[in-house]
Amino acid sequence: KRSMEHFAGLDVSVNETSVCIVDDAGKIVREVKVASEPEALLQVLKNPSYSFKRIGLEAGPLSQWLYSALGEANLPVICVETRHMRAVLKAQINKTDRNDARGMAQMMRAGLYRPVHVKTLRSQKLRMLLTHRKLLQSKTIAIENDLRGTLRNFGLKVGIVGKLKFEARIKELVESHPDLAALVEPLLVVRRVLREQTAVLHRRLLAIVRDDEVCQRLMTVPGVGPVVALTYRATIDVPARFPNSKAVGAVFGLTPCKHQSGESERTGAISKCGDEMMRVMLYEAAQILLMRSTRWSWLKAWAMQIAR
């Protein structure tokens, strides 16, 4: 007699996770709610009376952490793409955590899921560095734009001024308006701190890129600097997960959508699935290659031909 196989669905929220375990006939074996902590989940899933074939976990804020913990415990855990899962579960009339866990367990049993790659810890940390640096940069720009806009209300025009001379220019404008100077000062202080800390993160980024041979190789491409190279490295993560180079564009959301029904067939815009930050970086690299790079290369010639 063949031993029974089991499948589980985990519906994870910040505090609690609904677990549903089914056998290979689809019969519910166990349903339970536990804390969203690896120990609590392992206590349920490591029960010797179950032999799991697949355990499904929806991609979300806690999924990377829980996925790593369950993977280390040698459980066959799969991270499932959210949009695809939601589309399958939409047929349910009552949306509850318990029902979602049930639906996910049945999806695992039927093989109706689209797995998502969970990044390695190193790539997650690189990603954190890039997003924090970007956040500080955008807050700095927001403060500068706000100062320009609010001072213009009083007829004080900042004009074209570099990053370094910006603060001096603002102070010069409000010199004869002590009441405005008092309102502007806190923003200038915050801007100064933001710029200092952005520089701290940027130096960290440069140090990582300097010691990384993959990034060094990527930077031989005209238009690709340290930030683009590191973003690409962290987004690709494990190159072996792509069957071929064409698959990379699709995962980044750079391939066109197709709409085909009966006789009509049209090609739409790019899908914009996947990583937005990566698309922004690739766009910037392409702009620099086309507009600023003076050195000739076959890549530039190819790009110019497409642009024409």
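Student: What ground rules apply to the model?
Tutor: It's a predicted model, with local features needing pLDDT of at least 70, side-chain atom pairs counting only at pLDDT 80 or more, and totals for chains, interfaces and linings using all residues. Residues are numbered from 1 along each chain as its sequence is written, and side-chain values use heavy atoms, leaving out hydrogens and water.

Student: Is H1 parallel, oblique or perpendicular to H2?
Tutor: Helices here are DSSP runs (H or I, at least four residues), and strands are too (E, at least two), numbered from the N terminus. H1 (residues 38-45) and H2 (residues 63-72) have axes 10 Å apart, at an angle of about 45°. Under 35 degrees counts as roughly parallel, over 145 as roughly antiparallel, 65 to 115 as roughly perpendicular, and the rest as oblique. That makes H1 oblique to H2.

Student: How many nonpolar residues does the contact of H1 with H2 have?
Tutor: Contact means heavy atoms within 4.5 Å. H1 brings Pro 38, Leu 41, Leu 42 and Leu 45, while H2 brings Trp 65, Leu 66, Ala 69 and Leu 70. With no polar and no charged residues, the nonpolar count is eight.

Student: Within what arc do the buried residues of H1 fall?
Tutor: Buried means under 20% relative accessible area, exposed over 50%, and partly exposed in between (1.4 Å probe, protein chains only). In H1, Pro 38, Ala 40, Leu 41, Val 44 and Leu 45 are buried. They line one face of the helix, because seen down its axis they fall within an arc of 165°.

Student: Which residues are exposed on the other side of H1?
Tutor: The buried residues of H1 pack against S1 (6-12), S2 (16-23), S3 (28-35), S4 (52-58) and H2. Over on the other side, the exposed ones are Glu 39 and Gln 43.

Student: And within what arc do the buried residues of H2 fall?
Tutor: H2 buries Ser 63, Leu 66, Ala 69 and Leu 70. Those line one face of H2, since down the axis they fall within an arc of 135°.

Student: Is H7 roughly parallel or roughly perpendicular to H9?
Tutor: H7 (residues 178-210) and H9 (residues 226-236) pack with axes 10 Å apart and an angle of about 70°. That makes H7, relative to H9, roughly perpendicular.

Student: Which residues of H9 does H7 meet?
Tutor: On the H7 side you'll find His 202, Leu 205, Leu 206, Ile 208 and Val 209. Their partners in H9 are Pro 226, Val 227 and Leu 230.

Terms used
Axes are lines fitted to C-alpha atoms, for helices over the stretch in contact, and angles run from 0 to 180 degrees between N-to-C directions. Ala, Val, Leu, Ile, Met, Phe, Trp, Tyr, Cys and Pro count as nonpolar, Asp, Glu, Lys and Arg as charged, and the others, Gly among them, as polar. The arc is that of the directions from the helix axis to the C-beta atoms.
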